[in-house]
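Hi,

Here is the structure I promised to pass on.

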Amino acid sequence: MSAREEKVELVVKNCGKLLEGPHWDGANDTLLFVDILGNAVHRYHPQTDKLQSVKIDENVGAVVPTKDGRTLIAGRHAFSFLDWTSGKLDQITAVDSDKPDNRFNDGKCDPAGRFWAGTMGPEKKPAEVLLNQGTMYCLNTDLKVTSHFDQVNISNGLAWSLDHKTMYYIDSLPGYLDAFDYNKVTGEIKNRRHILKVPNDEGLLDGMCIDSEGMLWVAMFSKSKVNRYNPNTGEKLKTITFPATNVTSCCFGGKDYDELYVTVSAEGISEEELQKQPLAGSIFKVTGLGVRGLPANIFG
């Protein structure tokens, strides 16, 4: 499709600070996402254009639905089930007890229903973080937690290849998109390698998702765009631009999974800059891409 057929539209205006972690809940035709520093979990209903929000008492890095109809979050330091009515959290297990200033930053379920989420160290301002403080964790379906690797700066995007043999991962600061050999049955990962190096002028690699052709869509923080990459060759295939600087993540959704939902942050942007980009802290939708995504994995 030509660029003229692609359409970027605002769907939820100014709904938070550090918006992240979009997840299309196909069972309910809703978009889940979080406001990490606003301590909120959101659920957007496109059919009614209604936004449902619940405040919690801590930062929240990621949200996913479960097979039994519950909602699971990676909060500041813990995996917990969330009650949408009360905002009450039923904690499963806590992590990083020796690093009280750490927090979860992003997470996603794998093809076997495990919930992977990584932590990061304290952040003075966006992308200025105490280095090598984070760890990648996995909440298994038996509710036990596995630690996979540490020395993480800003744990971010996750995706799994169509054949379920590769896990893609982003630690934002080094500028690489990495791949691991992935075992769906055991959850084991190994053979970490760089598959893509992004020039500094492209921005910071942030959240990502995969489409039905096996290509990766990556939010480019600080550069107002989402790029589509071929993970096999490293080639950049497409760029979609947005009217705000700090694009954080993306996911496919809609009835046919042909709509790309994109989260944009307003955190750390000066009042002067906000005058120039008043739609920071909003949710956008891109249509007419000529490609579809896949149903998101859920927990359980």
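Let me start with an aspartate: at 7% relative accessibility, aspartate 96 counts as buried, where buried means under 20% relative accessible area, exposed over 50% and partly exposed in between, with a 1.4 Å probe and protein chains only. Aspartate 96 is found in the loop between β9 and β10 (103-109), and has a positive phi of about 50° although it is not a glycine.

Before going on, some housekeeping. This is a predicted model, so to speak of a local feature I need pLDDT of at least 70, and side-chain atom pairs count only at pLDDT 80 or more, while totals for chains, interfaces and linings use all residues. Residues are numbered from 1 along each chain as its sequence is written, and side-chain values use heavy atoms, with hydrogens and water left out.

Tyrosine 257 also has a positive phi, of about 55°, and is not a glycine either. You'll find tyrosine 257 in the loop between β24 and β25, and it is buried, with a relative accessible area of 14%.

Now the whole chain. The protein has 1 helix and 26 strands; these are DSSP runs numbered from the N terminus, with H or I and at least four residues for helices, and E and at least two for strands. The radius of gyration is 17 Å, close to the 19 Å that the globule rule gives for 300 residues, so the protein is as compact as a globular protein of that length. That radius is taken over C-alpha atoms, and the rule is 2.2 Å times the number of residues to the power 0.38. Along the principal axes, the C-alpha atoms fill a box of roughly 50 × 45 × 40 Å. Buried residues make up 55% of the 300.

Contacts next, meaning heavy atoms within 4.5 Å. Among those between residues at least 6 apart in sequence, 48% join residues at least 24 apart.

What sits in the largest nonpolar core? It has 21 residues, and Trp217, Val226, Phe242, Leu260, Val262 and Leu289 touch the most other members. Such a core is a set of buried Ala, Val, Leu, Ile, Met, Phe, Trp, Tyr and Cys residues joined through side-chain atoms within 4.5 Å. Two or more residues each come from β21 (216-221), β24 (247-253), β25 (259-264) and β26 (283-287). In soluble globular proteins, nonpolar side chains tend to be buried together. Leaving aside residues up to four places away in sequence, the contacts of valine 226 include Trp217, Phe242, Leu260 and Val262.

Serine 155 lies in strand β16 (residues 155-160) and is buried, with a relative accessible area of 0%. Serine 155 and glycine 134 are 21 residues apart in sequence and 7.2 Å apart in space, C-alpha to C-alpha. Among the residues that serine 155 touches, not counting those up to four places away in sequence, are Asn105, Asp106, Met120 and Tyr169.

Alanine 94 belongs to strand β9 (residues 89-94) and, at 46% relative accessibility, counts as partly exposed. Beyond four places in sequence, alanine 94 touches His77 and Ala78. From alanine 94 to threonine 71 there are 23 residues in sequence and 17 Å in space, C-alpha to C-alpha.

Cheers
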